[in-house]
Amino acid sequence: MSELEQQIIQIISSAGESKAKAFEALKKVKTGEFDAAKELLEESRKIDLEAHKAQTKLIQQEMDPDAEKTPITLLMVHAQDHYMTSQLARDLIEAIIDIFNK
């Protein structure tokens, strides 16, 4: 596996784990465990930072005029899709938790 593929897989893996934590937080709301839900959202946000760091590294490489351009592959598109949906899920779940917690 190339370094590029490893970076892309890191984005997919971190985004998936982040989204799973966010949905686990939503389940905690169903049982009224709001503190546990907020802790899980914080874990989700920290895991998301790993995906963000990998994405930022790829963007920096792309912006480097002396570096070889990153090929846009289906795997790269898939990683970006995972990352964006994970962020959206976490943001929506966080809003839902705030609504139910009031």
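A patch is built from residues with over 30% relative accessible area and no salt bridge, joining like charges within 9 Å and nonpolar side chains (Val, Leu, Ile, Met, Phe, Trp, Tyr) within 5 Å. A salt bridge puts a side-chain nitrogen of Lys or Arg within 4 Å of a carboxyl oxygen of Asp or Glu.

This is a predicted model, where local features need pLDDT of at least 70 and side-chain atom pairs pLDDT 80 or more, while totals for chains, interfaces and linings use all residues. Residues are numbered from 1 along each chain, and side-chain values use heavy atoms, leaving out hydrogens and water.

**Exercise 1.** Find the residues that make the nonpolar surface patch.

*Solution.* Look for Met1, Ile9 and Leu75, which make a patch of about 290 Å². Now take Leu75: it sits in helix H3, residues 74-101.

**Exercise 2.** Work out how H2 is oriented against H3.

*Solution.* Start with the axes: H2 (residues 34-63) and H3 pack 10 Å apart at about 155°. That makes H2 roughly antiparallel to H3 (an angle over 145 degrees). The crossing of H2 and H3 is left-handed.

Terms used
Accessible areas come from the Shrake-Rupley method with a 1.4 Å probe; for residues, only the protein chains shown count as cover. Helices (H or I, at least four residues) and strands (E, at least two) are DSSP runs, numbered from the N terminus. Axes are lines fitted to C-alpha atoms, for helices over the stretch in contact, and angles run from 0 to 180 degrees between N-to-C directions. Angles under 35 degrees count as roughly parallel, over 145 as roughly antiparallel, 65 to 115 as roughly perpendicular and the rest as oblique. A crossing is left-handed if the near helix is turned anticlockwise from the far one by less than a right angle, and right-handed if clockwise.
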